[in-house]
Amino acid sequence: MILIAGGAGYIGAHTNKILTQKGYKTVVFDNLSLGHKEFVKWGHLVTGDLADIQQIRSCFSKYSIEAVMHFSAFANVSESVMDPAEYYVNNVSNTINLLNIMKEYGVKYIIFSSTCATYGDPEEIPMTENHPQNPVNPYGRSKLMIEQILKDYDQAYGIKHINLRYFNAAGADPDKEIGENHFPESHLIPLIIQAALAQRKEIKIFGTDYQTKDGTCIRDYVHVNDLASAHILALEYIKKKSNMSTSFNLGNNKGYSVKEVITAVERISGVKVNSVNAPGRNGDPVELIGSYQKAKEQLGWFPEFNLDQIIKTAWDWHVSNIDSWKNKKH
Ligand SMILES: NC(=O)c1ccc[n+]([C@@H]2O[C@H](COP(=O)([O-])OP(=O)(O)OC[C@H]3O[C@@H](n4cnc5c(N)ncnc54)[C@H](O)[C@@H]3O)[C@@H](O)[C@H]2O)c1
C-alpha cells in the first residue's frame, strides 16, 4: 500500500489516479484543509492531520504501508513571507512527525514533493540539480530544510528518499475527473482561466519591468500528469536501487513569460482576458527554468505535455466544473 500524504490536493490526487491505474493500492492521508474529499476517487481516505502523531500512527497500524509519497504542505510563497511560522510548523515540523512514524513502522521509502523554490535566484539557466540551493523565501527554505532532514534520516535510520523538485505544476486530468482547485487560487494558469470565465474581474501581472523579453517573470510549466508519472518512476527506482537517495528536477526545460501564458490562454479559450499591472512581489525570482536531463537519464522520464496541451486540459476541466464555482467570489 502506498500512503499519499496530501493526496486530496491537486498533485497528490492526480498521482493517486495514475498509481491506481498502474495497479498500486493507495491510502490518502489528508486533513482536507486545502484538499477536496471529492478528489479522492481512488483508494482509501484517512482524514487526519500530520500535526497529530496519534492519527498518523493509527493510519500506519491500520494499513500495511510500503512507501510514502509526501505532498502535504503549505505552498504559497507570498503567504510564507507574511507568516513563516505557519510554514515552518506545517511543512517542517509536521514532516518530522511523518518521518518518525515511518521510522517506528520500518517504512523505508519516501518520495518528497520538493520545489525549484529551494534554488532561489538562478545562477544559470536551465537549472540542474547541482545548482546551489539558496532559497529566497520561507516556503523554499522550509522545503530545503526537509531535504536536509531527509538526508540525516537516511544516514541514521536508512529511510531512503527521492526529492522531486517540481517547477510550476499546471494542467488537469484529460478525463476531467479532477483538476486544479486551490482556494484561494495563487497559480497563474487557473487565475487566467478564471478571468476568461468571468469568475474574476481581471488578472494581475506582478512585475512588468524585469530584465526579460517582455518585462514579466518567466516560469517553466509542467503538466500534473507528467509529475504523477515521475512519482511512479521514482518509486520503482528507489525500490530497485534501495541504497540510493537522490533528487530530480521536474520541469519542461522551457520558460514562458506571464504575458506569453496569458496570450496562450486567450488563444486556446477564444476569450480576451483583462489584465492589470502590479508591482513585483518580494521573494519572487525573475526566471526559473529546470533541466530534466537527470530525470531523463536515470528515471527514463520526460514531459509529454507542452504548454498548449497543459492549458487545454486545464481549460477543459474548468469549463466542465463551472457550476461548482458559480457562487464563489474571487
Ligand atoms: N503546485 C505547484 O506548482 C508546486 C510546485 C512545486 C512544489 N509543489 C509541492 O507539491 C505539493 C503539492 O502541491 P499541491 O499544489 O497539490 O498543493 P495542495 O494544497 O493542492 O495539496 C496539499 C494537500 O496537503 C493537505 N495538507 C496540508 N497540511 C496538512 C496537514 N497538516 N495534514 C494533512 N494534510 C495536510 C491539504 O489539505 C491538501 O490536500 C506541496 O508540497 C507543494 O509544496 C507544488
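How many of the seven residues of strand 6 (residues 160-166) are buried?

**Entry 1: ground rules.** I noted that this is a predicted model, in which local features need pLDDT of at least 70, side-chain atom pairs count only at pLDDT 80 or more, and totals for chains, interfaces and linings use all residues. Residues are numbered from 1 along each chain as its sequence is written. Helices (H or I, at least four residues) and strands (E, at least two) are DSSP runs, numbered from the N terminus.

**Entry 2: strand 6.** I looked up burial, and seven of the seven residues of strand 6 are buried, so this strand is largely enclosed by the rest of the structure. A residue is called buried if 20 or more other C-beta atoms lie within 10 Å of its own, exposed if 12 or fewer, and partly exposed in between, with C-beta atoms placed from the backbone. Then I checked the directions: His161, Asn163 and Arg165 point one way from strand 6, while Lys160, Ile162, Leu164 and Tyr166 point the other way, and all are buried.

**Entry 3: the partners of strand 6.** Two strands pair if DSSP finds at least two bridges between them. I found strand 5 (109-115) running parallel to strand 6, joined by seven bridges. Opposite leucine 164 of strand 6 stands serine 113. I followed the chain from strand 5 through helix 5 (residues 138-157) to strand 6, and this β-α-β crossover is right-handed. That word applies if, with the strands pointing away from the viewer, the path from the first strand over the helix to the second runs clockwise. Strand 11 (246-250) also pairs with strand 6 in the parallel sense, over five bridges. There, threonine 246 is the bridge partner of isoleucine 162.

**Entry 4: around the ligand.** Which residues are closest to the ligand? I got Gly6, Gly9, Gly35, Ala73 and Ala169, out of 27 residues that surround the ligand. A residue counts as near a molecule if its C-beta atom, placed from the backbone, lies within 6 Å of it. Helix 1 (10-21), helix 4 (84-104), strand 5 and strand 7 (168-170) each supply at least two residues of this shell, and helix 1 has the largest share, three residues. I sorted the shell into twelve nonpolar, 13 polar and two charged residues. Here Ala, Val, Leu, Ile, Met, Phe, Trp, Tyr, Cys and Pro are nonpolar, Asp, Glu, Lys and Arg are charged, and the others, Gly among them, are polar.

**Entry 5: two domains.** The bounds come from an automatic or database domain assignment, which gives domain 1 (2-170 + 221-250) and domain 2 (188-219 + 253-325). Their centres, taken over C-alpha atoms, are 23 Å apart. The contact takes 29 residues from domain 1 and 28 residues from domain 2; two residues are in contact if their C-beta atoms, placed from the backbone, lie within 7 Å. On the side of domain 1 that touches domain 2, helix 7 (224-240) gives the most, with six residues. I count 18 nonpolar, eight polar and three charged residues on that side.

**Entry 6: two single residues.** Leaving aside its neighbours within four places in sequence, isoleucine 310 is in contact with Ala170, Gly171, Tyr221, His223 and Phe305. Alanine 75 sits in the loop between strand 4 (67-70) and helix 3, and is buried too, with 27 other C-beta atoms within 10 Å.
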